[in-house]
Amino acid sequence: MWAVAKDIEDRWISNSNDLPETEKLEIFIKNVENQILMKFPNIEERVEADNPNELFMKEAICEIIISYCITKGEPYSQESQSVPGTGSRSISVNSTKARTSLTLTSEEFDKFA
């Protein structure tokens with residue numbers, strides 16, 4: 001509807017993770033767009049009237065999916081460091097801000113309201 005896999009691929013800047021395949025990105029896009037349509041059934045008419053505009057919709061949807069893909073749906077990140085002669089260490093960090101699903105939050109729905 002508003003975004004396609006290429007929009008996400010064009011915005012992908014992470015070197016640490018590989019982006020999911022195009023087919024999976026299309027599924028993610030449908031998931032997010034369906035949630036928006038369920039919450040705001042008349043949003044297509046509003047986008048046609050340019051409030052919000054189509055570019056905003058595309059950017060917001062891509063941002064949601066990219067933030068999910070970067071974390072791979074996991075709330076944990078691992079940091080490893082190796083120091084010559086003294087050994088290494090590994091730290092796991094739990095981030096409450098990590099996106100663990102594609103379920104939109106109330107704050108995200110507010111953007112489309």
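In this predicted model, Lys111 has a relative accessibility of 42% and therefore counts as partly exposed. Its partner in a salt bridge is Glu63, and the closest N and O atoms of the two are 3.6 Å apart. Because Lys111 belongs to helix 5 (residues 106-112) and Glu63 to helix 4, this pair ties together parts that are 48 residues apart in sequence. Glu63 is also partly exposed, its relative accessible area being 48%.

Side chains of opposite charge can pair when their charged atoms come close. Across the whole structure, a search finds four salt bridges, and the pair of Lys111 and Glu63 is one of them.

Helix 4 takes part in another such contact. Asp7 forms a salt bridge with Lys58, with 3.9 Å between the closest N and O atoms. Since Asp7 lies in helix 1 (residues 5-11) and Lys58 in helix 4 (residues 54-71), the pair ties together parts that are 51 residues apart in sequence. The two residues may be described in turn. Asp7 has a relative accessibility of 11% and so counts as buried, the limit for that class being under 20%. Lys58, with a relative accessible area of 22%, is partly exposed.

A further salt bridge joins Arg99 and Glu108, whose closest N and O atoms are 2.0 Å apart. Are these residues buried or exposed? Arg99 is buried, and Glu108 is buried as well.

How values were computed:
Residues are numbered from 1 along each chain as its sequence is written. This is a predicted model: local features need pLDDT of at least 70, side-chain atom pairs count only at pLDDT 80 or more; totals for chains, interfaces and linings use all residues. Side-chain values use heavy atoms; hydrogens and water are left out. A salt bridge is a side-chain nitrogen of Lys or Arg within 4 Å of a carboxyl oxygen of Asp or Glu. Helices (H or I, at least four residues) and strands (E, at least two) are DSSP runs, numbered from the N terminus. Buried means under 20% relative accessible area, exposed over 50%, partly exposed in between (1.4 Å probe, protein chains only).
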